Structures are given as C-alpha cells and as structure tokens.
Amino acid sequence: MQLKLFKTLWGFDGNYASSLEQALSDGFDGIEGPAPEAQRTADRFRHQLAEHQLEYIAEITTAGSYVPDRLATLEHHLDSLIHKLSLSRPLDPLFVTCLGGCDAWPESLNIEFFGRAIEIAKQFEVAISFETHRGRALFNPWVTQRIVQQLPDMLLTCDFSHWCVVCERLVDTELDIIGELAPHAHHIHARVGYDQGPQVPHPAAPEYANALVSHQSWWELIWQSQKERRYALSTMTPEFGPDGYLHEAPFSREPVAELRDLNNWMASSEREHFETFSSRQ
C-alpha cells in the first residue's frame, strides 16, 4: 500500500495555479479543496493538474460552509450536494470528501441524508466519503457509530481532532469505536487536536507529544484496515488551518506558527510514520 499526501486549500490565500506550484514545491501528491465555481477557472485548473501530474480530492460542504446553515432543510443540503458535485466531477477527483448533514438534526434525518447522498454520488460516478466534523452529522464517536451501523457501505473521512474537542479528551477511551469504524475509513485529515481544542499550537511541541502519539495510533488502525481491505493507496491531507484553529498571541494576534510549516511538518512526519508502520507488516 502506498501513502499519498495532499495539500489542503483551506487557509491558502493564493489562486489555484499558485496552490499547485506550492504543492509541487513542498512534495505533495495532490490538492484537496472545493472545485472552482467559474467554468473558465475550472478548465484551467483541470489542465494544470494534468500538466503537473497532481491528483485532486474534491471537498464539498452542504448548505453552507464548514458550519451548516442551521435553518437549511434536508432538501437544501441535497440540492447543495448536487450542485457542488456537478462542479467537482469534471475535474475527475479521486473521490469527494463531504461535510454533510447537521449536528442538530435527529439521527433518522441524518441517516436519510447520507443514504440519499450516497445514491446521488453514484449517479455522478464518484466515490463519496463523509467527514467527521463538528457542527455536522458525524460530530462525535457514538453518533457516527450508530449512523454507520445503519449504512454499512458508508465511507468516512476521519478527522479525529474534532472528536477530541467534543468529548473534551483524547478519544483513547473510544478505541473500540474507532476500531469498529476503521473498516469504513477511506481518507485521513491529519490534524492533531487536544482536549481543549481541534489544533495543537505545533504537533512537534513536546507538551503535545501524547496527543500526537494518540492520533498516530488511530491512523495506524485505519492503515491496518485499509491494508486488510487491499487498498493500493491510502490518502492523507495534513489540515492545520486558520479561522480560530491557529493559535495567536494575545493583543498582537501574531500566529504562533506558519500554517505552511505546520502542514509540511505533518506531511514529513507522516511519511516517516507510514514507512515505519509498513516495515512492521
């Protein structure tokens, strides 16, 4: 099994062309982010991806951005999914990562959303993987476990940093659930959370070593499952980002670290980690 690492567009201020140049410069295998809205930009992006031999993972948020519109209905979410799939599909993504549903909905409504979303993605002939994310349907381990039990073909994009915040602890206490969900894990968002936040100031800091080791142990459960499922390719996106995630000094608001450096460190660390994991097999 091979590991491929993707550069996130979240927190990147440049255009699509410069994101590709930076991905190449930093040694990434592709880009993960939302598809361009404008047709001309999308055509150019598709051409540049092929020119640079970089792959693409489409990111879709339904009925809003990372946090959904609280008043959006099920049909609003599905219409949003259809619209964004129509933008993403011409770029020939490896798959789609979807932040879908709403944490405030009853589980039955979220289950209906996911079931219909999976069928819609099939019509677009693209695999869809649903992210474990605060504010969305899969915002904690127990809800996710119950939903996946109802939808055995459902794929997951695992960002366990969100669960650390929701549970207010490292989810080492939920290893049985992570083990149960591992056979559904399709993609990893490699950000390290801790008991009071979704993003440590720096994953190399010794004071957060336990958090890093815990996340890496959860990712190994996924890699092992993917290996057993005969995945030829495992994908991972280092996803340290802005918007209150990146720690800042008070008053000056100076970032404690550079986002590009954080994600590059995470990518380098996980390349080495994956090699160590593979050597033990």
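Colleague: Why is Glu174 called buried?

Modeller: Keep in mind that we're looking at a predicted model. Glu174 has a relative accessibility of 8%, and buried means under 20%, so Glu174 counts as buried.

Colleague: Where is Glu174, and which residues does Glu174 touch, not counting residues up to four places away in sequence?

Modeller: Glu174 sits in the loop between α6 (161–167) and α7 (175–181). Leaving out residues up to four places away in sequence, Glu174 touches Pro141, Trp142 and Arg169.

Colleague: Now the other glutamate on my list. What makes Glu275 exposed?

Modeller: The cut-off for exposed is over 50%. Glu275 comes out at 57% relative accessibility, so Glu275 counts as exposed. Glu275 belongs to helix α9, residues 259–279.

Colleague: How far apart are Glu275 and Lys122 in space and in sequence?

Modeller: From C-alpha to C-alpha, Glu275 and Lys122 are 34 Å apart, and 153 residues separate them in sequence.

Colleague: On to helix α1. Which of its residues are buried?

Modeller: In α1, residues 16–25, the buried ones are Ser19, Leu20, Gln22 and Ala23.

Colleague: Why do you say the buried residues of α1 line one face of the helix?

Modeller: Look down the axis of α1: the buried residues fall within an arc of 165°, so they line one face of the helix. Their cover includes β1 (2–8), β2 (30–33), α2 (39–52) and α9.

Colleague: What is found at the start of α1, and what comes just after the helix?

Modeller: At the start of α1, a side-chain oxygen of Asn15 comes within 3.2 Å of the backbone nitrogen of Ala17. Polar contacts are counted within 3.5 Å. Just after α1, Gly27 takes a positive phi of about 85°.

Colleague: What is the volume of the largest pocket, and which residues are closest to its centre?

Modeller: The volume of the largest pocket is about 210 Å³. There are 16 lining residues, and the closest to the centre are Lys7, Phe12, Gln22, Leu259 and Arg260. Two elements give two or more residues to the lining, β1 and α9. The largest share, four residues, is from α9.

Colleague: What makes the phi of Ala63 worth a mention?

Modeller: Phi of Ala63 is near 50°, a positive value in a residue other than glycine. Ala63 is in the loop between β3 (55–61) and α3 (74–88). Ala63 has a relative accessible area of 11%, so Ala63 is buried.

Colleague: And what is the phi of Arg230?

Modeller: Arg230 has a positive phi of about 65°, although Arg230 is not a glycine. Its place is the loop between α8 (209–228) and β8 (233–238). With 76% relative accessibility, Arg230 counts as exposed, the cut-off being over 50%.

Colleague: Why is Ser80 called buried, and which residues does Ser80 touch?

Modeller: Ser80 has a relative accessible area of 13%, so Ser80 is buried. Ser80 is in helix α3. Residues up to four places away in sequence aside, Ser80 touches Thr61, Thr62 and Ala63.

Colleague: Last one. How do you know that Val143 is buried?

Modeller: Val143 has 8% relative accessibility, so Val143 counts as buried. Val143 lies in helix α5, residues 141–150. Not counting residues up to four places away in sequence, Val143 touches Glu107 and Ala137. Val143 and Leu175 are 15 Å apart from C-alpha to C-alpha, and 32 residues apart in sequence.

Terms used
Residues are numbered from 1 along each chain as its sequence is written. This is a predicted model: local features need pLDDT of at least 70, side-chain atom pairs count only at pLDDT 80 or more; totals for chains, interfaces and linings use all residues. Side-chain values use heavy atoms; hydrogens and water are left out. Buried means under 20% relative accessible area, exposed over 50%, partly exposed in between (1.4 Å probe, protein chains only). Contact means heavy atoms within 4.5 Å. The arc is that of the directions from the helix axis to the C-beta atoms. A polar contact is a pair of N or O atoms within 3.5 Å; within protein, one must be able to donate a hydrogen and the other to accept it, and residues adjacent in sequence count only if both atoms are side-chain atoms. On a 1 Å grid over the protein atoms alone, a cavity is a set of points where a 1.4 Å probe fits but cannot get out, and a pocket is an open set with protein on both sides within 12 Å along at least five of seven lines; lining residues have an atom within 4 Å of a point. Grid points are joined across faces, edges and corners, and a volume is the space filled by probe spheres set on the points.
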